[in-house]
Each structure stands twice: as structure tokens, then as C-alpha cells.
Amino acid sequence: MNNLLVTGGCGFIGSNFIRYLLNQSDFSGRIVNLDKLTYAGNPQSLGDVEHNFPDHYQLEAVDLCDQRGIAKVFKQNDIDAICHFAAESHVDRSINSPGEFIQSNIVGTYNLLEQARALGDKLKRFHHVSTDEVFGSLGETGFFTETTSYSPNSPYSASKASSDHLVRAYHETYGLPVTISNCSNNYGPFHFPEKLIPLVILKAINGETLPVYGDGKHVRDWLYVEDHCSAIWQIIANGEDGETYNVGGRNEKTNLSVVETICSKLDEKLGQLPSGPRKDLIEFVKDRPGHDRRYAIDCSKIEKDLGWTPAESFETGLDQTIDWYLENMAWVDSIKSGEYQTWITKQYGS
Ligand code: NAD
Ligand code: TYD
């Protein structure tokens, strides 16, 4: 593939993926990053990439709901492969205002599929990045496999489920060379601090209250973001058309234990707060409506078929993540101050 379109490349996983891929010796093409630059999209997350790969990377500030805008990007850049990350991604926001999720995640994916379909035989791969949340909630035992039936519980997961079905249908009906990955919760550098791990790291550094929803016994299966990136590249390069792959880190943790681990690691790295250990900052707050109790991924298919395995354990991945936030407070401050939105407006218009 010569010209890979990455959607949502200014977000958390997309920016890590672009950096990862441009550093792989088996990729020599160009990446065109199509991103609406919502509150979650920060071009400064790819400042080093713009500098190091000027001939292999380009940003197009376009909304997936703008059909003409996408068509122009396809035409001007001779796109022949797609990796689709762009989405509204935060469950709590989807509960408060689902409309954006329907537009970006469902209508946006449809618009992208239509452009991809128009490429005909030129299209080498349409990879769709999805979530394990489409499967709903597990009980105390069992795992999600690629054949688990869909049962989404939040407007976010329902919108992702809908987009998965559209992508699958475009393979069955029009023969598009699609692959889909359903991944568990990611964590790592450049994660927007509304999600559990970066939120708790930053609040705990500052000695602020740490909100844990409900009883804190909800379980997530954590995957370091670079391991997700390597899985996606394996699937794009070697996956089979029409196939779905589950990706997970075999790192099931309760939310409470994640928060407590972050607290003890920060106590070790920075010393305790004058008030005492950081775990004393934990406060149980009102539960999220429709809160899924447990997610856990069976990733044996991608391990067996594509030889992928995660490189990081939760311990090593979390250490690297905490260190990254401690060393990149300027990135955090720019996100929090809204300074980067001002910068976006200056660079790309409103
Ligand atoms: P994110 O919220 O950090 O980034 C999303 C990016 O998409 C942003 O740059 C945003 O500007 C862009 N975007 C949103 N709407 C758009 C639109 N209409 N047109 C163009 N660009 C638009 O999200 P993330 O955490 O990086 O997640 C990326 C993908 O991975 C999503 O599809 C998500 O469902 C999926 N996923 C995420 C996780 C996770 O733990 N974060 C786990 C599994 C799957
Ligand atoms: P989150 O990072 O929002 O990801 P997702 O909802 O996609 O799994 O939340 C991870 C878990 O942490 C989820 O069970 C909700 C919980 N949570 C809290 O307990 N407190 C918080 O402040 C947040 C943001 C999440």
C-alpha cells in the first residue's frame, strides 16, 4: 500500500499508531491523517512525526460527516488503504449527549465506506478499529470471542456495534477487503484525561479526590496502546479479508485495584503527600447508568493466526504511562487550558 488513510489520527490510539507505523521497516508508504479535530483530537500529539517524517505524513482537518470533504481527500491523495479509528469514544459523554456518537460513529463510517467502495479494485484494505464493549457485559467467568453475540449497553457501544455491522455488510455485499478488530481498554501516552487511568494519574499527582464509580469492582482487561498498534498493523498486513480479530492484554483488573496501584506507584515515585498515602484520596461516587460489570477478551485467534502477542504486562505498561505523564506536563496543560484549541483555530481555521 502506498497511501494509507488513517482517520482519527490526532486522538489517543490513532496518534500512537501513526508514530508506531512510520517507525516500522516494513512500511514505506505515506500516511494521510483525516481528523475533525474535536476536543479529543490534538495535532500537537504528532508534532514529532510532522518533524521527523515530513514526506510521509500529512494532516487533513476534515469531518467524516462532510462527504465532499472526504471525497476531496481521497482524490488528492490517491488513497489505496484505510485504517479507521475516528469516533466519539467516551461512554459518559455518550450517556449525556448521544447525538454526536450517532453522527460520527455511524454516519461517518457509512460515508467512509462509500468512498472506499468507489475505489473498486484499487482498495487493498479497509481496517475498522472497534471495541469489546459491543459484546455487552460478562458475568464472573467467561471471555468474549469473535463469535460472541453483540449486546451493547451504552449509546457509545451501540454506535460502535452499528458501525461494525456496516463494515461487515460492505464486505458481504460489495466485496470490500475489510478487517475488524475488537479491542479491550487501552492505556498509555497521549490518553485524553477524561478516561480512568490518565484522569486518576493527574488527579493523584495533584492530591485531588479520585472518583471510583459504584463499588469499584467492575473489571476491565487493560492493553498497553503500543501493543494494540502492533496488533492492528499485523491485521492490516496479514489478516484475512472479512475476518474479525479480538485484541486484549490478558490483564483483568478491578477499577479499584487499578486506582490503588496508580496511587502506590506515585507514592513511590514522588513520595507521599503531606496528608498521607494517595489511596486515601479515593472516593466512591454514584455509579454510571448501564455500567458494564466485566470485560475480558479471548485473544487466542490473533495469537494463533497472526503470531501476535502483547509485549507489556500491566506493571511495565503502567510504569511507562505514569512516567510519560510526569515528563509531559506541557501536553497535559495545553489540553486542559484549551490552549491547543486556540492553536488549532490558528492553524486550520474554526
Ligand atoms: P479518541 O477520542 O482519543 O480520538 C478520536 C479521534 O477521532 C479524535 O482525534 C477526534 O478528533 C476524531 N474524530 C471524532 N469524530 C470525528 C469525525 N466525525 N470525523 C473525523 N474525525 C473525528 O479515541 P481513541 O481512544 O483514540 O479511540 C480510537 C478508536 O479506537 C475509536 O474508534 C474507539 O472506539 C476505538 N477503541 C478505543 C479503545 C480505548 O480504550 N480507547 C478501546 C477499543 C477500541
Ligand atoms: P473509562 O476509562 O471511561 O473506559 P470505558 O468506560 O470505555 O471502560 O472507564 C473505565 C472504567 O473505570 C469503567 O468501569 C468506569 C470506571 N471509571 C471510574 O470508576 N471513575 C472515573 O472517573 C472514570 C472516568 C471511569
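Ala, Val, Leu, Ile, Met, Phe, Trp, Tyr, Cys and Pro count here as nonpolar, Asp, Glu, Lys and Arg as charged, and the others, Gly among them, as polar.

This is a predicted model, in which local features need pLDDT of at least 70, side-chain atom pairs count only at pLDDT 80 or more, and totals for chains, interfaces and linings use all residues. Residues are numbered from 1 along each chain as its sequence is written, chains are lettered from A and ligands numbered from 1 in the order in which they are written, and side-chain values use heavy atoms, leaving out hydrogens and water.

**View 1. The shell around ligand 2.** Let's start with the neighbours: 15 residues surround ligand 2, each with a heavy atom within 4 Å of it. By class, six are nonpolar, four polar and five charged. Glu133, Tyr213, Asn255, Arg288 and His291 are the closest.

**View 2. Polar contacts of ligand 2.** Look for pairs of N or O atoms within 3.5 Å. The side chain of Glu133 has an N or O atom 2.5 Å from an oxygen atom of ligand 2. For Arg220, a polar side-chain atom lies 2.9 Å from a ligand oxygen, while Tyr213 uses a polar backbone atom, also at 2.9 Å.

**View 3. Ile197 in the largest nonpolar core.** Such a core joins buried (under 20% relative accessible area, 1.4 Å probe, protein chains only) Ala, Val, Leu, Ile, Met, Phe, Trp, Tyr and Cys residues through side-chain atoms within 4.5 Å. This one has 59 residues, and Ile197 is among those touching the most other members. Leaving aside residues up to four places away in sequence, Ile197 touches (heavy atoms within 4.5 Å) residues including Trp222, Ile262 and Phe314.

Definitions and conventions
A polar contact is a pair of N or O atoms within 3.5 Å; within protein, one must be able to donate a hydrogen and the other to accept it, and residues adjacent in sequence count only if both atoms are side-chain atoms. Buried means under 20% relative accessible area, exposed over 50%, partly exposed in between (1.4 Å probe, protein chains only).
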